[in-house]
Amino acid sequence: MYSKAFSLSIEGQNRTTTEPKMTEAEPSNNSTLAKPRLVICIGDIHGYITKLQNLWSNLETQFDPQHFNAATIIFLGDYCDRGPDTKKVLDFLIDLPSRYPNQKHVFLSGNHDFAFAAFVGVLPEPQNGVSFKEGWKEYEESEDREGWYKGDGYENMHLQGRRWAGHIKVRFNTSKGIEYKGSIYDAGPTFTSYGVPHGSSDLLKAVPDDHKKFLADTVWVHEEDDVCIEDEEGIRHCKLIAAHAGLEEGKNVGEQLRFLKAKETHKPIIVVSGHHGKLHIDGLRLIIDEGGGFENKPVAAIALPSMKLVRDTDNLTK
């Protein structure tokens with residue numbers, strides 16, 4: 001789930017969701033012979049370019065080129081922070097549509113990406129007439145401990161941008177058993193990947209325009225109307241809903257589930273997310289974040305309809 005601070009801080013933001021038009025497939029004489037569309041959901045990358053490259057190579061090896069090159073690839077967010085190569089990760093992702101023009105690429109926004117976008121100033125302005133500064137008040141008791149950013153441009157910066165570029169005073173992250181990397185978001189390596197010190201306003205100039213556009217264009221939620229899964233019941237046609245962190249904290253779970261089910265017509269719903277630092281597959285609820293940004297853990301992907309897991313650490317040969 002989103003942390004309370006994150007879920008509340010994004011209220012009022014006009015971030016995009018993607019929902020394709022619902023259309024019924026035309027009947028075909030050979031429809032029973034056609035392979036279901038390949039959909040691949042890739043978990044949190046967190047600045048590890050080598051893991052991303054190895055995972056992508058394994059995916060290419062694992063699947064028939066015809067189907068891989070026409071696949072829908074959904075990245076579940078958190079491309080930055082913790083790992084050393086955020087800049088190279090974004091370069092890789094931005095280049096995918098030109099390298100694989102017949103694939104469909106979906107880039108969800110993770111909480112780390114949202115905070116990065118907040119710092120470089122590409123979030124849409126609130127539509128309720130208030131400034132980003134108003135969002136500081138509820139969490140101001142954490143400002144000193146988290147060392148919120150106070151450099152150039154902070155005066156009307158979104159709360160998460162200030163936290164992202166801050167200098168946290170408590171150096172050890174007890175929940176993860178490791179030291180923080182600069183800020184509560186572990187954003188230090190992201191600054192370094194662009195050649196500037198952590199917390200420096202020089203990052204605003206160092207981040208290329210295409211990277212800023214990428215961050216601005218990421219979406220909160222993506223929906224696919226017809227995604228197949230293969231299980232003991234055979235091939236099932238489902239609706240897929242992808243979001244970085246799944247359900248939101250502080251909102252009634254039953255209401256959220258009813259909202260999801262209200263979108264359903266005659267199909268079961270697959271809900272897939274990353275964020276949680278674990279791999280969890282329970283029926284149609286998929287959490288794909290095996291790495292969690294740890295250096296010694298893999299980045300994983302799940303492929304539908306087969307439900308096959310592929311990791312960057314797999315030793316696959318063609």
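Analyst: Helices (H or I, at least four residues) and strands (E, at least two) are DSSP runs, numbered from the N terminus. This is a predicted model, where local features need pLDDT of at least 70 and side-chain atom pairs pLDDT 80 or more, while totals for chains, interfaces and linings use all residues. Residues count from 1 along each chain as its sequence is written, and side-chain values use heavy atoms, leaving out hydrogens and water.

User: What makes Pro305 worth a look, and where is it?

Analyst: The peptide bond from Leu304 to Pro305 is cis, with omega near 20°. You'll find Pro305 in the loop between β12 (300-304) and β13 (308-311). Asp78 has a phi near 60°, a positive value in a residue other than glycine. That residue lies in the loop between β3 (72-75) and α4. Most residues other than glycine have a negative phi, and most peptide bonds are trans.

User: Why are α2 and α4 called roughly parallel?

Analyst: Helix α2 (residues 49-62) and helix α4 (residues 86-99) pack at about 30°, with axes 9 Å apart. Angles under 35 degrees count as roughly parallel (over 145 roughly antiparallel, 65 to 115 roughly perpendicular, the rest oblique), so α2 and α4 are roughly parallel to each other. On the α2 side the contact (heavy atoms within 4.5 Å) uses Ile49, Leu52, Gln53 and Trp56, and on the α4 side Lys88, Val89, Phe92, Leu93, Leu96 and Arg99.

User: And what about α4 and α10, what makes their label?

Analyst: Here α4 packs with helix α10 (residues 209-217) at about 75°, the axes being 10 Å apart. That angle falls in the perpendicular range, so α4 and α10 are roughly perpendicular to each other. Lys87, Leu90, Asp91, Leu93 and Ile94 of α4 meet Asp210, His211, Phe214 and Leu215 of α10.

User: How do you know whether Trp136 and Tyr154 are stacked or edge-to-face?

Analyst: Rings of Phe, Tyr and Trp (its six-membered ring) pair if their centres lie within 6.5 Å; planes under 30 degrees apart are stacked, over 60 edge-to-face, the rest tilted. By this rule there are 16 aromatic pairs. Trp136 and Tyr154 have ring centres 6.1 Å apart and planes at 15°, so the pair is stacked. It links distant parts of the chain, 18 residues apart: Trp136 is in the loop between α5 (111-119) and α6 (143-146), and Tyr154 in the loop between α6 and α7 (159-164).

User: Which stretches have pLDDT under 50?

Analyst: On pLDDT, the predictor's confidence in each residue from 0 to 100, the chain has a mean of 87, and 83% of its residues reach 70 or more. Over residues 1-12 the pLDDT stays under 50, and over residues 19-32 it is below 50. Where pLDDT is low, the predicted coordinates should not be read in detail.

Definitions and conventions. Axes are lines fitted to C-alpha atoms, for helices over the stretch in contact, and angles run from 0 to 180 degrees between N-to-C directions.
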